[in-house]
Amino acid sequence: MTTSQMPESAEGQRGIRPREYRLPESTRLGSVRLQVADLDRSVLFYERFLGMRVIRRTDDSVGLGAYGDDREIVHLRQLESARPVPKRGLLGLYHFAILLPDRASLGRFVAHLAEIGARAGMSDHSVSEAVYLTDPDGLGIEVYADRPRDAWRYDERQLHMTTNQLDVDDLVRAAGAEKWTGMPPGTVLGHVHLYVDDIDKAAAFYHDALGFDKVVWSYPGALFLSAGGYHHHLGTNTWAKGAPRATDADARLLEWEIIVPTPKDAEEAARHVKGAGYEVKQEAGEWVLTDPWGTSLRLVAEFK
């Protein structure tokens, strides 16, 4: 029997659990908040290229989500003087990833990009199929669809993830005759991937203190973490090592949301992070934590 065929009772042996606090199995992500230089320019990009719609707008910010769904996935805040991300990147955001509900939707999205002449990177990660773009400020975006969990492979306790060439023709065929009409209901923020300068420091914060499981730990220069057995809610990598941190003067990831079931869960996670010596503050019943590179995340309770 291979590890990918292990009985359900062996699921708990997959990955590496933190020694102390562990995030609840039902933990998921909420939204990302980004700082951009030109709100109108960015909204045009997210509408035309990604197929998102404006859910709410103020003079200096916009919330965007999928069609037929009022959940905010991306929140943009304008700072006209924000510097674009340099080609090498900055410590902070590598990309945020929007998860489509099925493979057919991703196929329609890829066909849409071809129709409008958009350039994108594409990869097959075994657990998922992914398309990569960059927004007008240089912020990285992934749009992807998962393969079924029962198709994921494991090398002993570690999830098998790869970066291979995507079979674009097969993906587009999965879309059938239906055209892309924008991001469909059920689209969510699937994961966030960050540039860091030290994997051990990333593990100390996100695994030991915050309570994510390690899922993939032998991928060159990277560590992938999750809750509930997902392939990853968070990726970290050192591929921009030596680059400076993103600052308040840059286009950047301001904050990303982790949604846990109850206020008690949020408080317990925040107190464990604070006890490990990291910056923690409470805002309106939610907890804001800051990692060693100045990237903030917000712990939000699903059920108040």
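1. **Surface.** The protein chain exposes about 13,800 Å². Carbon and sulfur atoms supply 48% of that area. Accessible areas come from the Shrake-Rupley method with a 1.4 Å probe, and for residues only the protein chains shown count as cover. Please keep in mind that this is a predicted model: local features need pLDDT of at least 70, side-chain atom pairs count only at pLDDT 80 or more, and totals for chains, interfaces and linings use all residues. Residues are numbered from 1 along each chain as its sequence is written, and side-chain values use heavy atoms, with hydrogens and water left out.

2. **Overall build.** The protein chain has five helices and 18 strands. Both are DSSP runs, numbered from the N terminus: helices are H or I with at least four residues, strands are E with at least two. The radius of gyration is 19 Å, close to the 19 Å that the globule rule gives for 304 residues, so the chain is as compact as a globular protein of that length. That radius is taken over C-alpha atoms, and the globule rule is 2.2 Å times the number of residues to the power 0.38. Along its principal axes, the C-alpha trace spans about 50 × 50 × 40 Å.

3. Of the 304 residues, 53% count as buried. Buried means under 20% relative accessible area, exposed means over 50%, and partly exposed lies in between (1.4 Å probe, protein chains only). Now look at contacts, meaning heavy atoms within 4.5 Å. Take those with a separation of 6 or more: residues 24 or more positions apart account for 69% of them.

4. **Charges.** The protein chain carries 36 positive and 45 negative charges. Their mean positions are 2 Å apart. Lys and Arg count as positive, Asp and Glu as negative; His and the chain ends are not counted. Each charge is placed at NZ of Lys, CZ of Arg, CG of Asp or CD of Glu.

5. A salt bridge is a side-chain nitrogen of Lys or Arg within 4 Å of a carboxyl oxygen of Asp or Glu. By this rule the count comes to 25. One of them joins D137 and R41, with the closest N and O atoms 3.1 Å apart. The pair links distant parts of the chain, 96 residues apart. D137 sits in the loop between β7 (128-134) and β8 (140-146), while R41 is in helix α1 (residues 39-48). D137 counts as buried at 2% relative accessibility. R41 is partly exposed at 37%.

6. **Two further salt bridges.** K201 pairs with D197, the closest N and O atoms being 4.0 Å apart. K201 is partly exposed at 37% relative accessibility, and D197 is partly exposed at 25%. K281 pairs with E283, the closest N and O atoms being 3.5 Å apart. K281 is partly exposed at 42%, and E283 is partly exposed at 27%. Salt bridges that share partners join R33, E255, E257, K281, E283, E286 and R298 into one network.

7. **S31 in strand β1.** S31 lies in strand β1 (residues 28-36). Buried or exposed? S31 is buried, with a relative accessible area of 3%. Leave aside its neighbours within four places in sequence: S31 is then in contact with E72, I73, L189, E255, W256 and E257. Both E255 and E257 belong to the salt-bridge network described above.

8. **T236 in strand β14.** Find T236 in strand β14 (residues 234-237). T236 is buried, with a relative accessible area of 0%. Which residues does T236 contact, leaving aside its neighbours within four places in sequence? They are H193, L194, V196, I199, A202, G221, A222 and L223. G221 is 15 residues from T236 along the chain, and their C-alpha atoms are separated by 8.5 Å.

9. **Backbone angles to check.** Most residues other than glycine have a negative phi. S126 has a positive phi, near 70 degrees, and is not a glycine. S126 is found in the loop between β6 (121-124) and β7, and counts as partly exposed at 23% relative accessibility. A284 is not a glycine either, yet its phi is positive, about 50 degrees. A284 lies in the loop between β16 (279-283) and β17 (286-290). A284 is exposed, with a relative accessible area of 83%.
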